[in-house]
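Hi,

Here is the structure I said I would pass on.

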Amino acid sequence: RRKLRSDVAAAFPTLSTEQLAELIPNKEELNVIKIHSHKGEAITVYMNHRNPLLFEAEKVLYPTVYTLWLYPDLLPAFATWPPVLQKLAGGADLMLPGVVVPSSGLPRVQRGTLCAVTLLGNRAPVAVGVATMSTEEMLAAGMKGKGFAVLHTHLDHLWEYGDKSSPPTLAPLVTDSAAKESAGDEEELQGKEPVSSCSPEPEQHVDIRDLSLKDRDTCAEVLGQEELHENRAAEPAEDASTEDQQEAEDSRTPQEQMDALFNQCFFHALKCKVKKSDLPLLTSTFLGSHMFSCCPAGKQLDIKKSSYKKFSKFLQCMQQQKILQVKELNKGVESIVEVDWKHPDIKAFAVPEGFSSASAAQDSKSEDREQVYHAPEIIPLYGVSTKMIPLFQESGHRKGSVLSSSEVRNIIINYVKSNELVDETNKNFVKVNAILCDCLLDKSEQDEISHLKWDELLSRCLERLQPLHQVTFFGQEPVVRKGNIEPIDICIAQRSSNKKVTIIKNLELYGLDPQCVANTLQQKVQASATITPAPGAKDRVQVQIQGNQIHHLAKMLLEEYQLPRKYIQGLEKAPKLGRKK
């Protein structure tokens, strides 16, 4: 602990003695864990209060984002636009075109300097990286090329080791010239209460993933309006009245404004868009098709910026008020099954100006014809089973640890190399030691097999891990489910009088509303389509349509809904087209 404190003091000389004692306390528990990066490098991580504080790679210490949130000025910081964070968290380096050059100029750094990356309008760092060129070289290159090799970010696997908290909102130290001019005689107060027109309130914690380019444009518009107002000598009376209205609106916090917008769009959608015949209606369809279309021009619904944070919590609140009833069809898939159309809140709601009931009804019909659907992102995952623990415990994993296929591959490769199991005569083969024998070989094979090919080693390992999958629906948090995802099942059944029907199951698992699919198919093929309970599956339904309609169904699922073919079963049963005579 004393050596670590001296190493930290040497690496970060700006830290005071008090800050060092706070970062690495004497009496509190300090844990040290070893992990492996995607490239196979061994990383030492120092943990305190469940959060990783520092990580060491090749005998160099680096701070994590948790530490930088406590000491935001520990490293020279470079700002970027909020949408860039997702790219950095996915493993990308920070390119110079993505760096925002402030009016005061870029910080002066040399090549190889450890730097922090922040988002525009917030001083809290979200990434740590090494400068690939000096500030002078960046400017000489016209701010083009790679600027920083990113080592660690908010939202990456190292961040997930901690409490997964979001960055605090810290106002920039240097405000814009327009903000300084408008402050006037209150410059002394700025030191105590920093104010930035682009940043949220300091006490409010904002999830950085929710910020978008639209926020940046809004900030630019606000600054532009302020400068315009200062430069003009007098304003017309009409402009003054609109400004008063804007000030009255802005007196509410952004969170309160978003809550009000969600309530408005919710009641608007129920009053003008949704009909009793549409029920049951998937909550994702209700949000994406009905509520979004009720959003006024110039505004955007974003549940993360509301006090609810999740759309399911918003609907729970409405359910408590007995406006509607929501039922979970499957894990992560909810449906509105009942609406109280006589509820006083629905009756009292007045449709905002610019919308009409007739136009809303037409919009609803057009949306039924072309549904706004986003195919879910499906990622296969693997859980460490009891039998496989000996093979994975060396890399710091235990029973139940969830891994991607690439992580499993890297762990196996590192295990083989660290235990020197690669065959010296033929590097395509791996020697089977006692642990590999117990984990990957059947009893009948244990005396016969002494070597395995790399591919067979990895495939055997994946087969013996517990299958899982992660589904991410549009605008929702990822959901991890056990087992492999069931494909959309299409089959042909024979009915009386030698008539055939096409039956489609498991649409709900992919966020598809069975009623919408049935309505769309019915219009396309001009055949009767019905919804019936799926046999053997609780709370699931199936679509049944007259005739063999697999050709039309395949075109809709593959081309319109953009679903991968591997998640659709039964397309080979399409009717064969006869030859023309």
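Salt bridges first: there are 12 of them in the structure, which, bear in mind, is a predicted model. A few around helix α19 deserve a look.

Start with arginine 464, which pairs with aspartate 442; their closest N and O atoms are 3.2 Å apart. The arginine belongs to helix α19 (residues 454-464), while aspartate 442 sits in the loop between α18 (434-440) and β17 (451-453), so this bridge ties together parts that are 22 residues apart in sequence.

Glutamate 463 counts as exposed, because its relative accessibility is 61% and the cut-off is over 50%. Through shared partners, Asp442, Glu463 and Arg464 end up joined in one network.

Then there is glutamate 456, which bridges to arginine 460, the closest N and O atoms being 3.1 Å apart. The two are 4 residues apart in helix α19, which means that about one helical turn separates them.

Next, a helix pair. Helix α11 (residues 254-272) packs with helix α13 (residues 311-320) at an angle of about 65°, and their axes are 12 Å apart. Angles of 65 to 115 degrees count as roughly perpendicular, so α11 and α13 are described as roughly perpendicular to each other. The crossing in which α11 passes α13 is right-handed. If you want to pick out the contact on screen, select Phe262, Asn263 and Phe266 on the α11 side, then Phe311, Phe314, Leu315 and Met318 on the α13 side. Sorted by class, the contact has 6 nonpolar residues, 1 polar one and no charged ones.

Now for the backbone. Which two residues are joined by a cis peptide bond? They are leucine 279 and proline 280, with omega at about -5°. You will find proline 280 in the loop between α11 and β11 (281-282).

I also noted two residues with positive phi. One is glutamate 58, where phi is about 50° although the residue is not a glycine. Its place is in the loop between β3 (51-57) and β4 (60-63), and with a relative accessible area of 71% glutamate 58 is exposed.

The other is lysine 322, likewise not a glycine, with a positive phi near 60°. Lysine 322 is in the loop between α13 and β12 (324-330). At 65% relative accessibility, lysine 322 counts as exposed.

Cheers

Conventions:
Residues are numbered from 1 along each chain as its sequence is written. This is a predicted model: local features need pLDDT of at least 70, side-chain atom pairs count only at pLDDT 80 or more; totals for chains, interfaces and linings use all residues. Side-chain values use heavy atoms; hydrogens and water are left out. Axes are lines fitted to C-alpha atoms, for helices over the stretch in contact, and angles run from 0 to 180 degrees between N-to-C directions. Angles under 35 degrees count as roughly parallel, over 145 as roughly antiparallel, 65 to 115 as roughly perpendicular and the rest as oblique. A crossing is left-handed if the near helix is turned anticlockwise from the far one by less than a right angle, and right-handed if clockwise. Contact means heavy atoms within 4.5 Å. Ala, Val, Leu, Ile, Met, Phe, Trp, Tyr, Cys and Pro count as nonpolar, Asp, Glu, Lys and Arg as charged, and the others, Gly among them, as polar. A salt bridge is a side-chain nitrogen of Lys or Arg within 4 Å of a carboxyl oxygen of Asp or Glu. Buried means under 20% relative accessible area, exposed over 50%, partly exposed in between (1.4 Å probe, protein chains only).
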